[in-house]
Structure formats: C-alpha cells, structure tokens
Amino acid sequence: MDLSRFPRLPLLDLPSPIEPLDGLARHLGDGLAGVRLWVKRDDLARFGLGGNKLRKLEYLLGAARAEGADTVITVGAIQSNHARLTAAAAARAGFACDLFLTRSVPRTNDAYAHNGNRLLDDLFGATVHELAAGGDALELAERRADELRAAGRRVYVFPSGGSSPVGCLGYAACAGEIFAQADAMGLSLNQIIVPNGSCGTHAGLAAGLRADGHDPRLAKSYAVLETGERAGAITLDKANATLAILAPGLTLTSDDIVIDGAHRGPGYGIPTAGMLEAVRLLARTEGLLLDPVYSGKAFAGLLHDVRGGLYPSGANVLFVMTGGVPGLFAYPDVLTGQVEQTTAP
Ligand SMILES: Cc1ncc(COP(=O)(O)O)c(C=O)c1O
C-alpha cells in the first residue's frame, strides 16, 4: 500500500512493538484454551501519553499543514482521548487548538469533570468549549471556524475521533505495518482486535487489509459507543470512504465488517463488570493499562470469547492497545470499588 501521496506529519516511533501476553497466560493457564494473545503497543508514544488517535493525527495534521492551516478544531466527550491528543499534537506541531467537548456521559463527579483528559486539555493549552448533552458540537465547531477565518486565521476542522477518511489512513497504514511485523516474526494471525468508538480505527484497518489484498474480516471490533448494528453500518461507510481515496475501485460489503456489540453495557462511558475485571487483570498480570471506556470493554469481550471457545487452540489473536490511560483518573470511584457502578456483562 503506497500512502506516500498523502501528507503526513510524523508523531510516532513506528512500528509500535508487538508483544506476547505471557504474564496473563501464566495467570490464566488453561483458561485461555491454548489461544495465544498478543498486544500491539499503540499506547506507547513520545508525548501526550499516547494512544490510537496519534496514527490518525499524523495524516490529519499532515493535511492541515499542507493546506496552510494555523488552527485545528475538533469535538468529543468531556474525557475524549482524541481531544487530548489533538491538543498535545497541536501544541507540539505549532497549531492553535480549539476543542468542543460535550457532557454526553452521565457522570458529574469532580474527577470526571476536571481530571484525566480534561485536565490535560488545559495543560496542553487548548481553548476548551464545554457543551450540555445533546448539543451539536460539530456545528458549533464549524461556526467557530468561520469566525476565526473571518479574523484571518486558517482553520482545519476534523470530526469526532478524527475518523474522517484522511484520519482513517493512519489505521490503513497500520494494517500494512502489522503484516510486515507478523511476517518478520513468523506469526500467523487469526484475528486483530480493536475497540470501536467513532469507528475509524476499525474502518482504517479493514480498508488497509483490503487494499493490501488481505481478508478484511481479520479485523474485528467491540462496539463501545454505538450499538453493534449501527457501528457496523458506520464502519462500513467509513471504510469505503477511506478506500475511495486510498484504492479507488475497491470496496467492502457489510459481510467484511466484523463487530460485536455485546460488551458495551448500558452505554458509552458507563462502566461494566467485564471492563473492571479486564482492567484489573491486565494491570496485575502484565503491568499494562487498559482504559475504562474503550480498551477495557474490548478486552472484556476478547476474554469472554476466548473463554467461550471462539478460537481454536494455537490461534494467535492480536489486541491493539489503543491507549486512553488518562481516562482511568476520571473513574477512581469505580476502579477502587468505592461505588458499585458497574453492570453486567
Ligand atoms: C483509547 C481509545 N481506544 C479506542 C478508541 C476507538 O477508536 P475509534 O474512535 O477510531 O473507533 C478510542 C476513540 O476515542 C480511544 O480513545
């Protein structure tokens, strides 16, 4: 896959490592039914505390710079990792940054409102606008962009999660990176797992797999924001929009998009018992940090499926560690067990 025609602003040390989860395997023993679990460390980064959004931001900020922008604007929830990493990357690359953050998660405690990602947004120097639930953040962002343009600024706006076709290129590239690494390691992968929020990570991977002639069903996601069905439709649209700029003529159908919606729980950002188990398990057996909103729920889904015999003994399953660590500091009550704010699964 040749992405050289797309402007890219390098933000990452690539490739990110692929590592076996040996500590987890020792702890769970037969509980993994012979399945070998691996992680791809997209949570590692040189700045900003890392996460999957940096791959998208390499292409988004590359496009912004190519268009001569001096300001970037994006949207998200109060504890958005995408907003925090946009603020960090903008600070590093010399863009001004405005964030429109919506109080879309029903958590009003001090930690959620002010700690974690929200604290870092301010530290990275972003101008933050907070909105009540239900507000149209993207519309307000566009209005602000028009105001700034009228004042002579050059503004680039990108959507929630950075999941525009240009942003999705970051994970299309990652599909090629994973295959190159797996080949060099002699590793035959049965599945690549990601969390699904704004759908761009899965969409990018599926598009990249198709562009490189691999089976797009190798990528699988666990929905944490939309229902599984809606996430499937959005992911398909975004994957095809990505292919339209990456490999015109190639398309995907709904059969190519594998999404499990059974581990989202009652809604976006609302803790589940499975998430809590997964976050604690990986912390205590590997010293690795999942997050409460995305990767914790996705890893809970993976554990559930491995335990339920979805994969044959000897299968290799790669879980992409997508970061989100600051989100842990927005959920201290749940993570320390002070409140039983968790629900099945
Ligand atoms: C830590 C983390 N993991 C996974 C995701 C999901 O990625 P996407 O929005 O591309 O589906 C996000 C999105 O915000 C995230 O912050």
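How many salt bridges does the rule find across the interface of domain 1 and domain 2? Before I answer, a word on the model itself. It is a predicted model, in which local features need pLDDT of at least 70 and side-chain atom pairs count only at pLDDT 80 or more, while totals for chains, interfaces and linings use all residues. Residues are numbered from 1 along each chain as its sequence is written, and side-chain values use heavy atoms, with hydrogens and water left out.

Let me begin with the domains. The protein chain is divided into domain 1, residues 18-50 + 164-335, and domain 2, residues 54-162; these bounds come from an automatic or database domain assignment. Their C-alpha centres lie 24 Å apart. To the contact, domain 1 gives 34 residues and domain 2 gives 30 residues, where contact means heavy atoms within 4.5 Å.

The area buried between the two domains is about 2400 Å², with 61% of it from carbon and sulfur atoms. Buried area here is the accessible area, with a 1.4 Å probe, that two parts lose on being put together, summed over both. On the side of domain 1, Phe47, Tyr268 and Ala330 lose the most area to domain 2, together 22% of what that side buries.

To return to my question, the rule finds three salt bridges across this interface. A salt bridge is a side-chain nitrogen of Lys or Arg within 4 Å of a carboxyl oxygen of Asp or Glu. Arg107 forms a salt bridge with Asp333, with the closest N and O atoms 2.8 Å apart.

I turn now to helix H9, residues 228-246. Helices are DSSP runs of H or I with at least four residues, and strands are runs of E with at least two, numbered from the N terminus. The expected span of a helix is 1.5 Å times one less than its number of residues. The 19 residues of H9 should therefore span 27 Å, and the end C-alpha atoms are 26 Å apart, which agrees. Buried residues of H9 include Ala231, Gly232 and Leu246; buried means under 20% relative accessible area, exposed over 50%, and partly exposed in between, with a 1.4 Å probe and protein chains only.

Finally, consider Ser163, in the loop between strand S6 (155-158) and H7. Ser163 counts as buried because its relative accessibility is 2%. Leaving aside residues up to four places away in sequence, Ser163 touches Lys56, Cys168, Ser198, Cys199, Gly200 and Lys238.
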